[in-house]
Amino acid sequence: MIELFTAATPNGWKISIALEELALPYSVRQIALSKLEQKEEWYLKINPNGRIPAIIDHDNGDFAVFESGAILIYLAEKTGRLLPTELKARSRVLQWLMFQMGGVGPMMGQANVFFRYAPEKIPYAIDRYQREVRRLFEVMERQLAAHQYIAGGDYSIADIALWSWAAGFAWSGVDIDGLPHLKRWLDLVGARPAVIRGRAVPPSADVGDKDKQTVESGRKMLG
Ligand SMILES: N[C@@H](CCC(=O)N[C@@H](CS)C(=O)NCC(=O)O)C(=O)O
């Protein structure tokens, strides 16, 4: 059994979606980000970076893995799925996975901070990160114009990683107008039953104004 430490955020959804796709049994331990549970000493022993997600593989000597990209690779290699073994095909998937880890994730994360959570509105910062996100979406658009899935072959962990972030374009205040291939791919991946199930983990509170709650929780987390 795999134990998943997560919260209702894109980096967390990557792993619950992958676990659902791979049909691996898992239990969910929700981490209260706004209460800074992710900085507690017990959790730092699992993820020294004090962030979600992390997993413990209880079927493999209680092996702990942190960093969502590393977790995706671990799960794909454990099952032999969603990451090809042929050298070039594998490299293509890892290239797009790194593009998410080093580009789309951090830029959308900062767009969210300045557009949604920052108590003062700094137009230069909002504009800078939203423009960079849009530029990265245009890179994806060109790739997806020629390929059904992002790495050029089959559906892979690169699609899972990128979808989990890109599907939140509206929350980052970035539009996808004029990017029909990106839209087609967002719908295609978003319709997969495992993606729908994984995106609902952990269930977020369904009461009151969810957007307001997310902003308040984001502000507490940033301190
Ligand atoms: N590079 C890390 C980023 C993880 C990350 O930033 N997680 C956010 C949620 S999406 C988090 O835990 N934030 C809480 C905090 O910053 O204390 C990964 O991909 O696992």
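A residue is called buried at under 20% relative accessible area, exposed at over 50%, and partly exposed in between (1.4 Å probe, protein chains only). This is a predicted model, in which local features need pLDDT of at least 70 and side-chain atom pairs count only at pLDDT 80 or more, while totals for chains, interfaces and linings use all residues. Residues are numbered from 1 along each chain as its sequence is written, and side-chain values use heavy atoms, with hydrogens and water left out.

Q: Is F99 buried or exposed?
A: The relative accessibility of F99 is 18%. By that value F99 counts as buried.

Q: How are the rings of W96 and F99 arranged as a pair?
A: Rings of Phe, Tyr and Trp (its six-membered ring) pair if their centres lie within 6.5 Å; planes under 30 degrees apart count as stacked, over 60 as edge-to-face and the rest as tilted. W96 is buried, at 15% relative accessible area. W96 and F99 sit 3 residues apart in helix 4, about one helical turn. Their ring centres are 5.0 Å apart and their planes at 70°, so the pair is edge-to-face.

Q: How many residues apart in sequence are the parts that the pair of F5 and W42 ties together?
A: F5 and W42 form a tilted pair, with 6.1 Å between centres and 50° between planes. F5 is buried at 2% relative accessible area, whereas W42 is partly exposed at 31%. F5 belongs to strand 1 and W42 to helix 2 (residues 41-44), so the parts tied together are separated in sequence by 37 residues.

Q: Which residue touches M108, A166 and F169?
A: Contact means heavy atoms within 4.5 Å. Leaving out residues up to four places away in sequence, V174, I176, L179 and L182 are also touched by this residue, F137.

Q: Which residue lies over the face of W13?
A: A charge sits over a ring if NZ of Lys or CZ of Arg is within 6 Å of the ring centre and within 35 degrees of the ring normal. R192 lies over the face of Y155, at 3.6 Å from the ring centre. Over the face of W13, at 3.6 Å from the ring centre, lies R199.

Note on methods. Helices (H or I, at least four residues) and strands (E, at least two) are DSSP runs, numbered from the N terminus.
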